[in-house]
Amino acid sequence: MQNVMNLSFNALGENEGFARVAVAAFATKLNPTMDDLAELKTAVSEAVTNAIIHGYDSNPGGIVYITATIDDGEIDVIVRDEGRGIHNIEEAKEPLFTTKPEMERAGMGFTIMEHFTDMLDVESSMSTGTIVRFKKRLAGKRVRCV
Ligand SMILES: Nc1ncnc2c1ncn2[C@@H]1O[C@H](COP(=O)(O)OP(=O)(O)OP(=O)(O)O)[C@@H](O)[C@H]1O
Ligand SMILES: [Mg+2]
């Protein structure tokens, strides 16, 4: 059976840590490895940080929405904002591409998300905002020590 969790919070930097831990806590029922859990947390952190600093330009009035679904050993995470949107998604996903070099961003968020998940999908429009969705298999990968 599917298990779904919804979370929404203001676009405040301090909420990034909370969101990351909340999704990780939800995922623990799949009994993930420490490495997989760390990778999941990093992917959530990158997507939420993007929603806050790019989507809402750090305006705390913006709301970030997360839906996490656990089904058949896999977690599906959707991070959505109703912010400014991404002009060119393919360009945004290029390693080292950033529109905020003045904030010392590395332009590596999407590359990291792609590397740490099994599927990444980005939808965006300049009028409605951005939806970042990723999936990660967490169950059934544990190495047994005998
Ligand atoms: N939610 C979003 N809303 C609007 N623009 C976004 C969003 N997420 C990403 N972008 C755009 O995509 C670019 C690339 O994002 P990415 O996370 O790869 O790099 P970054 O955030 O600039 O740097 P880093 O993640 O390394 O700190 C951003 O610079 C921004 O222009
Ligand atoms: Mg980023």
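Tutor: Methionine 108 uses a polar backbone atom here, which lies 2.8 Å from an oxygen atom of ligand 1. Bear in mind that this is a predicted model. Glycine 109 also brings in its backbone, with an N or O atom 3.1 Å from an oxygen atom of ligand 1. Threonine 99 works through its side chain instead: a polar atom there is 2.4 Å from a ligand oxygen. Step back a bit and you find 20 residues around ligand 1, with His54, Thr98, Thr99, Arg105 and Met108 as the closest.

Now for the sheet. It's an open one with five strands, paired antiparallel in the order S1-S2-S3-S5-S4. Strands S1 (3-10) and S4 (119-125) are at the edges with a single partner strand each, so one side of each has no neighbour in the sheet. On average, neighbouring strands are turned by 10° against each other, ignoring direction.

Let's walk across the pairings. S2 and S3 run antiparallel and are joined by eight bridges, and one of the partners is threonine 67 with isoleucine 78 in S3. The hairpin of these two strands has two residues between them, and aspartate 72 takes a positive phi near 50° there. Isoleucine 78 also has a bridge partner in S5, arginine 133; S3 and S5 pair over eight bridges, again antiparallel. At the S4 end, seven bridges join S4 to S5 (residues 129-137), and leucine 120 stands opposite phenylalanine 134 in S5.

Next, the helices. H1 (residues 14-27) lies across S1, S2 (63-71) and S3 (74-81), at about 175° to S1. H2 (residues 34-55) packs on the sheet too, touching S1, S2, S3 and S5, and its direction makes about 180° with that of S5.

That brings us to the largest nonpolar core, with its 37 residues; Leu40, Ile66, Ile75, Val77 and Phe134 touch the most other members. H2 gives the most to this core, nine residues.

Technical notes: Residues are numbered from 1 along each chain as its sequence is written. Chains are lettered from A and ligands numbered from 1 in the order in which they are written. This is a predicted model: local features need pLDDT of at least 70, side-chain atom pairs count only at pLDDT 80 or more; totals for chains, interfaces and linings use all residues. Side-chain values use heavy atoms; hydrogens and water are left out. Two strands pair if DSSP finds at least two bridges between them. Helices (H or I, at least four residues) and strands (E, at least two) are DSSP runs, numbered from the N terminus. Axes are lines fitted to C-alpha atoms, for helices over the stretch in contact, and angles run from 0 to 180 degrees between N-to-C directions. Contact means heavy atoms within 4.5 Å. A nonpolar core is a set of buried Ala, Val, Leu, Ile, Met, Phe, Trp, Tyr and Cys residues joined through side-chain atoms within 4.5 Å. Buried means under 20% relative accessible area, exposed over 50%, partly exposed in between (1.4 Å probe, protein chains only). A residue is near a molecule or strand if one of its heavy atoms lies within 4 Å of it. A polar contact is a pair of N or O atoms within 3.5 Å; within protein, one must be able to donate a hydrogen and the other to accept it, and residues adjacent in sequence count only if both atoms are side-chain atoms.
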